[in-house]
Amino acid sequence: MQSEYRHLIDLSDYPVSWWKKVVDLGEEIRNDPERFAHECDGKVMATLFYEPSTRTQMSFQTAMIRLGGKIIGFDNPANSSVAKGETIKDTTKIVSSYADILVIRHPMAGTAKAAALTAECPVINAGDGGHLHPTQTLTDLLTLQIEKKTLSGLTIGMCGDLINGRTVHSLCKALSAMKNNHFIFISTPELRMPGYIKDIIRTNGSSFEEVDTLEEVIGRLDVLYMTRIQQERFASEEDYLAQKNTYVLDRIKMQAAKKDMIIMHPLPRVDEITVDVDDDPRAKYFTQAKYGVYVRMALILTILREDGGSELLKGKVRNNVCCDNPRCITNHEHYLPKSFRSSGDETLLECEFCDERKLL
Ligand code: NCD
């Protein structure tokens with residue numbers, strides 16, 4: 001099947017029907033994984049993890065192995081030529097010529113797109129800094145489809161580090177594209193959801209509210225999505241310590257929650273959910289992590305079956321303009337084109353790698 005696109009950098013590059021197709025296939029695989037055991041015989045997947053990972057990396061690897069394929073890659077760039085100063089461009093060029101599909105995680109926003117620019121095979125974004133995490137979102141959608149039997153009409157509370165949490169950014173983009181979802185963002189004023197995500201929610205016609213405490217809203221939620229305070233993305237230890245331990249979900253708070261509310265968390269958990277909540281039947285975060293294998297099997301199959309085009313940059317290259325985001329890959333790998341979208345207004349630009357806005 002011919003698709004317009006080739007890589008998975010951001011789910012928004014595909015129509016909702018495509019995500020649903022992947023999630024439905026994930027559910028089909030979950031019900032009968034054996035049927036798919038040889039679908040990727042002879043195929044190779046490369047995983048390039050420049051940032052720590054347990055679930056995303058291992059679930060991708062398990063997914064490929066369960067499909068009959070093989071894996072190569074690194075999870076410690078210090079053991080690769082990256083330690084000698086190799087660029088994303090060169091590493092990607094070479095590794096993508098060894099593999100049929102490449103999965104990349106990196107601490108800088110926009111790196112998956114940067115990798116896709118030179119890759120010879122499809123690239124999957126396994127997390128680019130504090131920006132996006134589309135395969136966690138596919139995992140989350142499969143979890144909702146199985147555990148809540150719907151992807152729409154839900155009141156979803158998202159709690160914790162909403163400014164730095166890439167999982168909640170991708171999930172908001174996806175769920176706001178479904179019908180009648182309402183978001184409640186629970187965070188301190190410093191960790192609120194970024195403006196560009198709130199704008200996408202508004203444009204998609206969904207609604208949201210922002211509150212400071214979990215207690216004031218927990219009883220209204222169908223889904224509570226907890227997140228870790230992203231220590232590694234704070235400018236200083238002091239800033240992190242000021243936010244640490246602000247939100248802790250425990251059995252007492254759970255007493256006020258609906259009987260059928262589900263708790264999700266992309267994991268790893270630090271201390272935002274006490275361990276005694278794990279026994280509550282509403283706690284779905286471990287099941288969610290397991291669904292990640294099935295949906296990644298579905299994603300690998302879909303991407304390998306479809307041989308799409310790959311028009312990655314649609315905006316205008318302005319090499320005399322720099323992105324204002326210090327954690328954007330274009331400020332670290334200087335050969336990359338400085339490509340920006342503009343929405344009619346030529347003074348407001350949006351970086352095509354990290355989505356940061358810039359006023360000229
Ligand atoms: C998340 C991530 O890496 O963004 N974890 C994951 O992929 N399951 C969440 C986190 O690190 O807090």
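Buried here means under 20% relative accessible area. The model is predicted.

**View 1. Ala116 sits in helix α4.**
At 4% relative accessibility, Ala116 falls under the 20% cut-off and therefore counts as buried. Glu237 is 121 residues away in sequence. From C-alpha to C-alpha, Ala116 and Glu237 are 34 Å apart in space.

**View 2. Helix α4, residues 111-118, is mostly covered.**
Seven of its eight residues are buried. They are Thr111, Ala112, Lys113, Ala114, Ala115, Ala116 and Thr118. What do the buried residues of α4 pack against? Their partners are α3, β3 and β4.

**View 3. Helix α2 covers residues 55-66.**
The end C-alpha atoms of α2 are 16 Å apart. At 1.5 Å a residue, its 12 residues should span 16 Å, so the two values agree. Buried in α2 are Thr56, Gln57, Ser59, Phe60, Gln61, Ala63 and Met64. These buried residues pack against four strands: β1 (44-49), β2 (70-74), β3 (101-106) and β4 (123-128). They also pack against helices α5 (134-147) and α10 (285-305). Gly68 follows α2 and has a positive phi, near 95 degrees.

**View 4. A nonpolar patch on the surface is formed by Ile72, Ile94 and Tyr98.**
Together the three residues have about 290 Å² of accessible area. Tyr98 belongs to helix α3, residues 88-98. Is Tyr98 buried or exposed? Tyr98 counts as exposed, because its relative accessibility is 55% and exposed means over 50%.

**View 5. The largest nonpolar core has 89 residues.**
Which residues have the most contacts inside this core? They are Trp18, Trp19, Leu138, Met158, Leu299 and Ile300. Helix α10 gives the core its largest share, 10 residues.

**View 6. Trp19 touches residues beyond its own stretch of sequence.**
Leaving out residues up to four places away, the contacts of Trp19 include Leu11, Ser12 and Tyr14. Leu138 and Leu141 also touch Trp19. So do Lys173, Ala174, Ala177 and Met178.

**View 7. Helix α10 is mostly covered.**
Of its 21 residues, 15 are buried. From first C-alpha to last, α10 reaches 30 Å. That is close to the 30 Å expected at 1.5 Å a residue.

**View 8. Leu142 has its place in helix α5.**
Leu142 is buried, because its relative accessible area is 0%. Glu120 is 22 residues from Leu142 along the chain. The C-alpha atoms of this pair are separated by 30 Å.

**View 9. A cis peptide bond joins Leu267 and Pro268.**
Most peptide bonds are trans. Here, omega is about 10 degrees. Where is Pro268 found? Pro268 is in the loop between β9 (262-264) and α10. Leu267 is also found in the loop between β9 and α10. Phi of Leu267 is positive, near 65 degrees, in a residue other than glycine. With a relative accessible area of 14%, Leu267 is buried.

**View 10. Asn245 has a positive phi although it is not a glycine.**
Most residues other than glycine have a negative phi. For Asn245, phi is about 65 degrees. Asn245 is found in the loop between α8 (237-243) and α9 (251-254). Why does Asn245 count as partly exposed? Its relative accessibility is 44%, and partly exposed covers the range between the buried limit of 20% and the exposed limit of 50%.

Methods:
Residues numbered from 1 in each chain as written. Predicted model: local features only at pLDDT ≥ 70, side-chain atom pairs only at ≥ 80, totals over all residues. Heavy atoms only, no water. Patch = residues over 30% accessible without salt bridge, like charges linked within 9 Å, V, L, I, M, F, W, Y side chains within 5 Å. Areas by Shrake-Rupley, 256 points an atom, 1.4 Å probe, with all protein chains shown as cover. Salt bridge = Lys/Arg side-chain N within 4 Å of Asp/Glu carboxyl O. Helix = DSSP H or I, 4+ residues; strand = E, 2+ residues; numbered from the N terminus. Buried < 20%, exposed > 50% of the residue type's maximum accessible area, 1.4 Å probe, protein only. Expected span 1.5 Å × (residues − 1). Contact = heavy atoms within 4.5 Å. Core = buried A, V, L, I, M, F, W, Y, C linked by side-chain atoms within 4.5 Å.
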